[in-house]
Every structure is written in C-alpha cells, then in structure tokens.
Amino acid sequence: MVDVPGHHEPHDTSSLGQRLNWLRAGVLGANDGIVSTAGLVVGVASATAARGPILTAGLAGLAAGAVSMALGEYVSVSSQRDTERALLRQERRELREDADAELAELAAIYQAKGLRPETAEQVARELTEHDAFAAHAEAELGIDPEALTNPWHAALASAISFTVGALLPLAAILLPPQPLRVPVTFAVVLVALAVTGTVAAKLGSAPAGRAAIRVVVGGAIAMVVTFVIGHAFGTTTG
C-alpha cells in the first residue's frame with residue numbers, strides 16, 4: 001500500500017472505546033481491591049499483632065472479593081450481551097420482512113444527523129448494499145455485531161485487577177515490623193489510591209485532582225473505621 005504523506009489510517013473508534021472501557025474497569029477493580037483489603041487487614045492488625053490472623057483475613061478477603069467481582073461482572077455483561085443479541089435478532093427479522101422500510105429508516109437517521117435528504121438516501125443505499133445488517137446495527141442500536149463483550153473475559157479481567165490491587169495492602173501490612181505495619185499500610189494505600197484515582201479520571205476525561213481526593217478520602221475513612229472497630233473489639237475480647 002502506498003504511504004501518502006499526511007494520510008493516516010482511520011482509527012477504529014468502537015475498538016478504542018472498548019479498550020478504554022476495559023482499562024477503566026481494570027483500574028476501578030484494582031481500586032476496589034486496594035480499599036476493601038486495606039480496610040480488612042488494618043482492622044485485624046489493630047486487634048492483634050500476630051501475622052497469622054492478618055494473613056488469613058487478607059487472603060480470605062482477597063479470594064472472596066475477586067470471586068465476587070468476577071461473578072458480578074459475568075452476570076452484568078451476560079445480561080447486556082443477551083439484550084444486544086435480542087436486539088440484533090429483531091433487526092435481522094425486520095430487514096427480512098420489510099427491507100424498504102428499513103432503508104427509509106436508515107436514511108432518516110442520517111438525515112437527522114444533518115445530511116441533506118438526497119445525500120442521506122445515497123449513504124443509506126450504499127451502506128445497505130455493502131452490509132445492511134451491520135449498517136442498521138450501528139446506526140440504530142449503536143452495536144457492533146462483531147465486537148460483543150465476552151462475559152468470561154470481563155469476569156477474568158475483573159478478578160485479576162481486584163487481586164492485583166488487593167496484594168498491595170496485604171504486602172504493606174505483612175512486610176514491615178509490627179509497630180510500623182498500620183502507618184506503612186496507610187501511607188502505601190493512600191498513595192496507590194491517589195494514582196488509581198488520577199488514572200481513572202484521565203481515562204474518563206474528568207478532573208484528576210478532584211477524583212484523586214475523593215478516592216483518597218474514601219480509602220482513609222474506610223481504614224480509620226475498620227481500625228477503630230478492630231481496636232475496640234480486640235481490646236474487649238482480649
């Protein structure tokens with residue numbers, strides 16, 4: 001293929017949007033893993049100095065959270081995919097039963113987007129000749145029939161991102177000496193949350209500073225609450 005100066009290959013915007021959504025979901029999953037596991041291990045660490053209970057609680061929280069996230073993502077994406085498939089089946093049926101009406105509908109969609117009636121009709125005809133089903137799926141439903149989200153992929157990605165996030169506070173609470181466990185975990189977790197909050201905001205084109213402050217404050221509150229609860233119950237039962 002000849003490389004024309006100043007010419008760039010068109011970007012697949014739907015594919016790019018999907019990748020950004022996956023990345024954003026991964027960042028948010030890691031954020032959940034950080035906050036939930038940090039709250040759990042800080043609470044246990046405030047009740048006991050023994051590493052065994054902290055490790056057990058942290059691993060149990062990690063496993064339960066990863067499975068819960070994966071299951072929730074699988075169910076959610078499966079429901080979305082079922083809906084999309086039902087809509088696509090209906091569109092195929094309408095194209096078989098009344099192709100002329102569907103052509104007119106496609107032309108009307110492009111006319112509503114600003115094309116002149118004759119241009120909209122020409123575009124609709126050319127797209128229909130190329131791939132009527134794909135043209136209607138994209139214009140009417142906003143769905144790419146070849147790029148439906150896989151619920152298994154979504155579940156796996158969610159579980160992995162949660163696990164990666166959860167390992168950070170677990171390592172932070174277990175590696176330092178006993179007097180430094182909670183302070184080190186607080187510091188590491190708050191820095192990590194600032195990073196994930198900033199990245200998530202950048203991916204969503206939102207103000208980074210405000211998003212980072214929200215997740216840092218939320219994470220700090222979660223750890224303080226579980227620390228107080230663990231300390232109170234540890235003192236009472238001890």
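**Helix packing and cores**

A: Happy to! Keep in mind that this is a predicted model. Let us begin with a helix pair: from α3, Glu 102, Leu 103, Glu 105, Leu 106, Ala 107, Ile 109, Tyr 110 and Gln 111 make contact with Pro 117, Ala 120, Glu 121, Val 123, Ala 124, Arg 125, Leu 127, Thr 128, Ala 135, His 136, Ala 139 and Glu 140 of α4. By residue type, this contact comprises 12 nonpolar, three polar and five charged residues.

Q: At what angle do α3 and α4 pack?

A: The angle is about 110°, and the axes lie 8 Å apart. Since angles from 65 to 115 degrees count as roughly perpendicular, α3 is therefore roughly perpendicular to α4. The crossing of α3 past α4 is right-handed.

Q: Now the cores. Which residues touch the most other members of the largest nonpolar core?

A: Here is the general idea: nonpolar side chains tend to be buried together in soluble globular proteins. In this model, the largest nonpolar core has 17 residues, and Ile 54, Ile 173, Val 182, Val 189 and Met 223 touch the most other members. Helices α1, α2, α5 and α6 each contribute at least two residues to this core, with α1 giving the most, six residues.

Q: What does Ile 173 touch?

A: Leaving aside residues up to four places away in sequence, Ile 173 touches Val 41, Ala 45, Ile 54, Arg 181, Val 182 and Thr 185.

Q: Which residues does the second core include?

A: That separate core has nine residues, among them Leu 106, Ala 120, Ala 124 and Ala 139.

Terms used: Residues numbered from 1 in each chain as written. Predicted model: local features only at pLDDT ≥ 70, side-chain atom pairs only at ≥ 80, totals over all residues. Heavy atoms only, no water. Axes fitted to C-alpha atoms, helices over the stretch in contact; angles between N-to-C directions. Helix = DSSP H or I, 4+ residues; strand = E, 2+ residues; numbered from the N terminus. Parallel < 35°, antiparallel > 145°, perpendicular 65-115°, else oblique. Left-handed = near helix turned anticlockwise from the far one by under 90°. Contact = heavy atoms within 4.5 Å. Nonpolar A, V, L, I, M, F, W, Y, C, P; charged D, E, K, R; others polar. Core = buried A, V, L, I, M, F, W, Y, C linked by side-chain atoms within 4.5 Å. Buried < 20%, exposed > 50% of the residue type's maximum accessible area, 1.4 Å probe, protein only.
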